[in-house]
Amino acid sequence: MAQQPSPAPSHRHGELVLEKVRKVFRVPGCPACVALDDCSLVVERGKLTVLVGPSGCGKSTLANIAAGYDRPDSGRVLIDGQPVTGSGRDRIMVFQETALWPWMTVLHNATFGPTVLGEMSRAEAEAKALALLEKVGLKDFKDKYPAQLSGGMQRRAELCRALVMDPKVMILDEPFRGLDVMTRELMQEYLLKLFRETGLTMLFITSEIEEALFLADRILIMTTLPGTIKKVVEVDLPRPRDFKVLATERYRRLKQEVMEALYEEGAKLFAQLEGAEDLLGSCAPGE
Ligand code: ADP
Ligand code: MG
């Protein structure tokens, strides 16, 4: 069984639930695009749940709705049983592109949010930020500006900036896309460390099977458009995980299971595209 993290008491909350969510994009002159339909899922408290699906299947749409940045046409989003009706500081999303403020130092980037919102004193925010920066090996870089950091360091600083806000749920939408393999592996290890030490509820989105297996307690596999949850795979690999887990029979079998489900969706998408008269956009026919 997966070894559970010991969550800090403040993080013994943060269950995220989507109930029958539907989202249709309507663009004039295009067929309506049903991005999500009857999409339900549960991200349990203190668990690292990974959402995996082919490109264009509705992952970012789901992330935006879960974070309250966008509204579903029907269905509900709940955090700890309470409906989510807009964006709030109890959730946060880290985008794939780094978005540190270039004119602020790393430390200032990390402390700006909570201090400007009046949630913490400067001293409190700095103490928290420094503790987080230390965990990801950036304490000595606290006075540098983003342009003085490598891509991986910027990503780590961004994670710290998000975590200082003490979110109940962290949603990471392909945060490591575009990083080279070595940096990406390092980032995955840092993320697992932060997860272990904060006990935070995380929804991590990726299209990479290996990344999903290395990180997850549970993998949710999405269908192609319209996006919904096709399959749930419990990843009972022991924690803490390192590269040795990749050589185990259990890992191999889990990978096979996830690959089969994803390839089936990939094949469907291919058939849809071949059959489509109009290849403009990846809109699902329908409505
Ligand atoms: P993913 O993140 O899995 O790659 P997205 O959620 O970004 O997929 O997109 C799902 C589908 O919804 C795609 O077909 C995309 O073209 C469409 N879509 C996403 N956002 C919009 C939008 N703002 N307007 C119109 N169509 C959109
Ligand atoms: Mg996306």
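Biologist: Which residues line the largest cavity?

Modeller: Leu192, Phe195, Arg196, Arg239, Pro240 and Arg241. Keep in mind that this is a predicted model: local features need pLDDT of at least 70, side-chain atom pairs count only at pLDDT 80 or more, and totals for chains, interfaces and linings use all residues. Residues are numbered from 1 along each chain as its sequence is written, chains are lettered from A and ligands numbered from 1 in the order in which they are written, and side-chain values use heavy atoms, with hydrogens and water left out.

Biologist: What makes a set of points a cavity, and what makes it a pocket?

Modeller: On a 1 Å grid over the protein atoms alone, a cavity is a set of points where a 1.4 Å probe fits but cannot get out, while a pocket is an open set with protein on both sides within 12 Å along at least five of seven lines; lining residues have an atom within 4 Å of a point.

Biologist: How is the lining of the largest cavity split by class?

Modeller: Three nonpolar, no polar and three charged residues. Ala, Val, Leu, Ile, Met, Phe, Trp, Tyr, Cys and Pro count as nonpolar, Asp, Glu, Lys and Arg as charged, and the others, Gly among them, as polar.

Biologist: Why is proline 240 called exposed?

Modeller: The cut-offs are under 20% relative accessible area for buried, over 50% for exposed, and partly exposed in between (1.4 Å probe, protein chains only). Proline 240 has 57%, so exposed it is. This proline sits in the loop between strand S10 (229-234) and helix H7 (249-275); helices (H or I, at least four residues) and strands (E, at least two) are DSSP runs, numbered from the N terminus.

Biologist: And lysine 23, why is that residue called buried?

Modeller: Its relative accessible area is 9%, so lysine 23 counts as buried. Lysine 23 lies in strand S1 (residues 16-25).

Biologist: How do you know that the side chain of lysine 23 makes a polar contact?

Modeller: Its partner is the side chain of aspartate 70, at 3.4 Å. A polar contact needs N or O atoms within 3.5 Å; within protein, one must be able to donate a hydrogen and the other to accept it, and residues adjacent in sequence count only if both atoms are side-chain atoms. So the pair qualifies.

Biologist: What makes glutamate 19 and arginine 76 a salt bridge?

Modeller: The closest N and O atoms are 3.2 Å apart. The pair links distant parts of the chain, glutamate 19 in strand S1 and arginine 76 in strand S4 (residues 74-79), 57 residues apart. The rule asks for a side-chain nitrogen of Lys or Arg within 4 Å of a carboxyl oxygen of Asp or Glu, so this pair passes. The whole structure has 25 salt bridges.

Biologist: Why is glutamate 19 called partly exposed?

Modeller: Its relative accessibility is 32%, so glutamate 19 gets that label. Arginine 76, at 43%, is partly exposed too.

Biologist: What about arginine 218, buried or exposed?

Modeller: Arginine 218 has 15%, so buried. Its side chain meets that of glutamate 234 in a salt bridge (2.8 Å, N to O).
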